[in-house]
Amino acid sequence: MKAFLGDDFLLTNSTAEHLFQNIMKKLPIFDYHCHLSPKEIYENHSFENIAQLWLAGDHYKWRAMRMHGVSERLITGEATDWEKFEAWAETVPHLIGNPLYHWTHMELKTYFGIDKRLSPKTAREIWLECNEKISTPDYKPRRFIEKSNVEFVGTTDDPTSMLEYHQLLKEDETFSVEVAPTFRPDGALFIERSSFHDWMSKLEDVSAIKISSLKELIKALKQRVDYFAKNGCLASDHDITQMNFKAFSENEVETIFQKRLIQGELTQEEIIGYRSYLLVELGKMYAEKNWVMQLHMGALRNNNTHMQKRIGADGGFDSIGDQLLAEGLSRFLDTLDSMGSLPKTVLYNLNPRDNYVIGTMIGNFFEEGVPGKVQFGSGWWFNDQLDGMTRQMKDLANLGILSHFIGMTTDSRSLLSYVRHDYFRRILCHLIGEWVESGQAPNDEEILHQMVENIGFHNAKNFFSVK
């Protein structure tokens with residue numbers, strides 16, 4: 001019987017152990033997409049206790065606690081930090097089989113040297129031990145990043161951001177990790193949202209462009225793209241709830257835009273037409289900058305209206321959608337490709353049903369000299385667990401070229417989530433090891449070494465054009 005979270009965790013054969021222990025484990029981390037706060041990193045924020053570091057803003061944990069029947073008071077309510085931690089500790093023993101059980105104990109072991117399993121019996125002891133360490137300088141954001149061997153962090157930023165903390169981090173010679181912004185223009189794309197007009201006012205302020213027409217909106221966005229590029233941006237990111245695409249003319253979209261400016265209600269077809277047009281215009285801008293375009297597709301967000309009103313969005317009430325995406329995605333990518341303006345692209349699907357759609361779509365668009373120009377993104381959100389990541393990599397291997405895969409990214413708000421790279425790397429080595437041990441792949445040290453090094457680090461660094 002293997003020990004829980006032993007050195008050979010998830011590694012079931014000698015090939016897998018060799019690939020992980022001698023190659024993968026030593027690689028730095030290129031975390032090209034996350035939701036860490038650049039302000040928190042720059043200011044090197046001090047946490048008062050493990051609950052603030054571990055539970056605040058973590059909708060993965062919140063969701064599990066709710067399913068366990070925990071009171072909202074102990075999740076996002078007015079309870080003390082200790083009470084919230086105690087409620088999490090009571091939940092954890094019930095999570096065997098859920099990746100949260102693995103991640104929780106990997107984080108305790110990796111960052112705090114704690115091998116104990118979290119439970120009501122150990123909660124107070126672990127609370128005190130973690131808090132004693134958190135009070136030291138070694139447990140601040142920058143040290144968590146450095147101790148995790150992170151070389152690059154790609155944050156997620158609104159176009160109206162002035163990126164002042166990215167600028168300060170770049171000037172700070174005491175911190176060597178590159179923290180780059182990512183352009184996330186949801187405010188412009190979701191024209192139907194009640195927040196659209198307020199967001200447009202912010203865009204006018206930061207761009208100093210009065211936006212009364214579609215052309216002026218495009219001009220303002222272009223100015224922000226230029227600004228982001230000057231501040232080290234290498235990528236964009238988009239929430240694509242439904243991947244619909246309709247080709248509307250500029251005049252038609254202008255009419256839609258003017259209608260919305262005067263608070264008019266838009267039809268679903270008008271919303272799709274506007275968003276399709278704007279995505280194409282943005283895609284052209286990204287191609288000019290040699291940015292990577294990321295599309296996160298298929299989330300069904302804010303399902304619980306009562307709780308959204310109570311605690312706001314991103315509270316743990318999202319799930320997998322089942323909207324069709326193949327035709328719309330094809331038309332969007334083909335439109336840009338036909339213009340010679342398709343940027344390097346990463347496609348993330350939340351519904352694993354769409355794995356084969358994405359796995360075949362990426363082979364439709366290419367560029368000479370660019371391996372894997374369109375990428376099948378790593379298992380995302382509900383799929384960043386053992387079965388989901390294994391399935392994504394197997395499907396990519398069956399339909400494309402796994403060796404060109406840009407690998408894992410945390411997509412997290414937590415500084416402790418870098419253990420998920422360790423998790424992913426073990427799963428990848430296990431998968432390749434199985435192929436070797438069963439005779440499906442050659443036991444060729446040179447080929448295997450290059451393959452895992454590239455997937456673990458080099459492919460992503462090259463794809464995002466980092467020198």
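**Pockets, cavities and sheets of the predicted model**

About 920 Å³ of space lies in the largest pocket, a pocket being an open set of points on a 1 Å grid over the protein atoms alone, with protein on both sides within 12 Å along at least five of seven lines. Grid points are joined across faces, edges and corners, and a volume is the space filled by probe spheres set on the points. The model is a predicted one, in which local features need pLDDT of at least 70 and side-chain atom pairs count only at pLDDT 80 or more, whereas totals for chains, interfaces and linings use all residues. Residues are numbered from 1 along each chain as its sequence is written, and side-chain values use heavy atoms, with hydrogens and water left out.

The lining of the largest pocket comprises 40 residues, and those nearest its centre are H35, H59, R301, D314 and R413; lining residues are those with an atom within 4 Å of a point. Two or more residues of this lining come from each of α3 (50–54), α4 (59–67) and β5 (235–240), where helices (H or I, at least four residues) and strands (E, at least two) are DSSP runs numbered from the N terminus. By class, the lining of the largest pocket has 14 charged, 15 polar and eleven nonpolar residues. In this classification Ala, Val, Leu, Ile, Met, Phe, Trp, Tyr, Cys and Pro count as nonpolar, Asp, Glu, Lys and Arg as charged, and the others, Gly among them, as polar.

The second largest pocket holds about 480 Å³ of space, and of the 21 residues that line the second largest pocket, K25, T110, V419, D422 and R426 are the closest to its centre. Helices α6 (99–112) and α19 (419–437) each supply at least two residues of this lining, with α19 giving the most, namely five residues. The lining of the second largest pocket divides into nine nonpolar, five polar and seven charged residues.

The structure holds six cavities of 30 Å³ or more, a cavity being a set of grid points where a 1.4 Å probe fits but cannot get out. The largest cavity has a volume of about 80 Å³ and is lined by 13 residues, of which N349, N355, G379, N383 and Q392 lie nearest its centre. The elements that give two or more residues to the lining of the largest cavity are β9 (344–349) and α18 (386–399), and α18 gives the most, with three residues. In the lining of the largest cavity, eight residues are polar, four are nonpolar and one is charged. The second largest cavity contains about 60 Å³ of space; among the residues that line the second largest cavity are H33, Y60, H296, Y348, W380, W381, D384 and D411. By class, this second lining has four nonpolar, six polar and two charged residues.

An open sheet of five strands has the order β4-β5-β6-β9-β10, with parallel pairing, two strands being paired if DSSP finds at least two bridges between them. The edge strands of this sheet, each of which pairs on one side only, are β4 (182–183) and β10 (374–376). Strand β6 (residues 292–297) is joined to β9 by six bridges, and the two run parallel; the bridge partner of V292 in β9 is K344. Helix α16 (residues 326–338) lies across β6 and β9, running at about 170° to β6. Such angles run from 0 to 180 degrees between N-to-C directions, with axes taken as lines fitted to C-alpha atoms, for helices over the stretch in contact, and contact means heavy atoms within 4.5 Å.

An open sheet of three strands has the order β1-β2-β3, likewise with parallel pairing, and its edge strands are β1 (29–31) and β3 (178–180), each pairing on one side only. Neighbouring strands of this sheet are turned by 10° against each other on average, direction ignored. Strand β2 (residues 150–154) runs parallel to β3 and is joined to β3 by three bridges, while F152 stands opposite E178 in β3. Helix α20 lies across β1 and β2, running at about 45° to β1.
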